[in-house]
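Come along while I look things up one by one.

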Amino acid sequence: MNYKVYIELDKKALTHNLAEIRRKTTAPVWAVVKSNAYGHGLIDFSRLADKAGVDGFCVDSGFEGVKLRSDGVKKPILVLGPTFSHHLELATKNKLIITLTSHPALTELIRSKHKPEFHIKLDTGMNRQGFKPNELDQLIKKLIKSNLTPIGVYSHLADAKNLKSNFTLKQKKTFDESLEKLKQKFPSINSHLGSSITTLSKKGFNYDLVRVGTALYGVTPVEKYKANLKPVLSLYSVISDVKTLEKGEFVGYSLTYKAKAKTRIAIVPVGYWHGVNRDLSNKGRVYIQNKRIDIIGIISMDLLTINLKNIKAKRNTRVEIIGKNQSVWDLAKKLNTSPVEFLTRINPLIYKNVK
Ligand SMILES: Cc1ncc(COP(=O)(O)O)c(C=O)c1O
């Protein structure tokens, strides 16, 4: 590979994950590809997902939706984030389904001459986007008066990993009651509530489609969750230099690493700009030939340093950051964050090699 930092996308892993998801649900699977497809590359990943046979796409913004349409995606695209009045024309022209999240957004839609298809977002307890149950009657009245017909309604679970908890069950009940009300006036409305974890656990949260991100990328939504998934993304760099520190010499900014003895080190041209979080300084690891190697010193913008010890390596030796030895969960745990946050912080400009 002629790149000093590169991502590999494993299309067989994606096909496998989709098959695994389909084993758990008969509902159409809409791939959640927002935030640069969780770091996998909006276009690169969506092309693969389209070919693999997902039934639709969920993006965050009209901007992402237009990118998919320009790349030839014909399947439905739902914009999960808010769409402001100045983007209603763009949504209509590109056949993007927007999400209607509040009364002010509804007023914008009523006033606009552009009427894209839309799903209603219900706030069933997360207190993020969406209409509260007590806003529903007024919403239905206004929709009927303005001759607007929603084609879908959805909500999102705040604590999906606890599917049996009172909170989650209450969210589901609220959703079902609201859906019932909407169906009386809009009988063909589609509904959806499930994401990765609900789909994998087959607990009846699937409705007319499922919005799946994490599982499609081959990452378990909860650590050690038993699911037969394969990670789609690997992240690699290469060694650019090998050198030897004398006892007492320092590495990197702020002199945080001091060699206790003669030490063989290597420079790897990947840094926090690429997504290797600076908090991994002096505590993260990489792998060379399946052997664990410690990151030493502060991670720089585009470089980091590793303690080679006696591992054989030279300029151009491949360095694994995410791969079969180190999962994105391993990194996320070290950083006290979620694997999804780590993935979405991978720089979108990194070259992607589809295997
Ligand atoms: C509204 C909505 N639906 C679905 C998803 C996908 O969730 P997951 O990645 O757990 O499948 C997300 C992710 O953030 C979301 O915000």
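Below are my entries, from the whole chain down to single residues.

**Entry 1: ground rules**

I note that this is a predicted model, in which local features need pLDDT of at least 70 and side-chain atom pairs count only at pLDDT 80 or more, while totals for chains, interfaces and linings use all residues. Residues are numbered from 1 along each chain as its sequence is written, and side-chain values use heavy atoms, with hydrogens and water left out.

**Entry 2: the whole chain**

I looked up the secondary structure and found 11 helices and 19 strands in the chain. Here helices (H or I, at least four residues) and strands (E, at least two) are DSSP runs, numbered from the N terminus. Along its principal axes, the C-alpha trace spans about 80 × 40 × 35 Å. The chain has 355 residues, and 52% of them count as buried. For burial I use these cut-offs: buried is under 20% relative accessible area, exposed is over 50%, and partly exposed is in between (1.4 Å probe, protein chains only).

**Entry 3: the largest pocket**

On a 1 Å grid over the protein atoms alone, a pocket is an open set of points with protein on both sides within 12 Å along at least five of seven lines, a cavity is a set where a 1.4 Å probe fits but cannot get out, and lining residues have an atom within 4 Å of a point. Grid points are joined across faces, edges and corners, and a volume is the space filled by probe spheres set on the points.

The largest pocket holds about 810 Å³ of space. I see 32 residues lining this pocket, and Tyr-38, His-156, Leu-157, Ser-195 and Thr-214 are the closest to its centre. Which elements each supply at least two residues of this lining? They are α2 (34–38), β4 (77–82), α9 (196–201), β9 (210–212) and α11 (339–344). Helix α2 gives the most, with three residues. By class, the lining has 15 nonpolar, nine polar and eight charged residues. For these classes, Ala, Val, Leu, Ile, Met, Phe, Trp, Tyr, Cys and Pro count as nonpolar, Asp, Glu, Lys and Arg as charged, and the others, Gly among them, as polar.

A polar side-chain atom of Tyr-38 is 2.6 Å from a ligand oxygen, and an N or O atom in the side chain of Lys-34 is 3.0 Å from an oxygen of the ligand. Arg-211 has a side-chain N or O atom 2.8 Å from a ligand nitrogen. Alone, the ligand exposes 400 Å², and the protein buries 86% of that. Such areas come from the Shrake-Rupley method with a 1.4 Å probe; for residues, only the protein chains shown count as cover.

**Entry 4: other spaces**

The second largest pocket has a volume of about 490 Å³. Ser-234, Ile-322, Gly-323, Lys-324 and Asn-325 are the closest to its centre, out of 32 lining residues.

**Entry 5: single residues**

Is Ser-201 buried or exposed? This residue of helix α9 is buried, because its relative accessible area is 16%. A polar atom of its side chain lies 3.2 Å from the backbone oxygen of Thr-198.

I also noted Gln-289, which has a positive phi of about 45° although it is not a glycine. Gln-289 sits in the loop between β15 and β16 (291–296) and is partly exposed at 45% relative accessibility. Lys-309, not a glycine either, has a positive phi of about 50°. Lys-309 counts as exposed, because its relative accessibility is 54%.

How values were computed: Polar contact = N/O pair within 3.5 Å; in protein donor to acceptor, adjacent residues only side chain to side chain.
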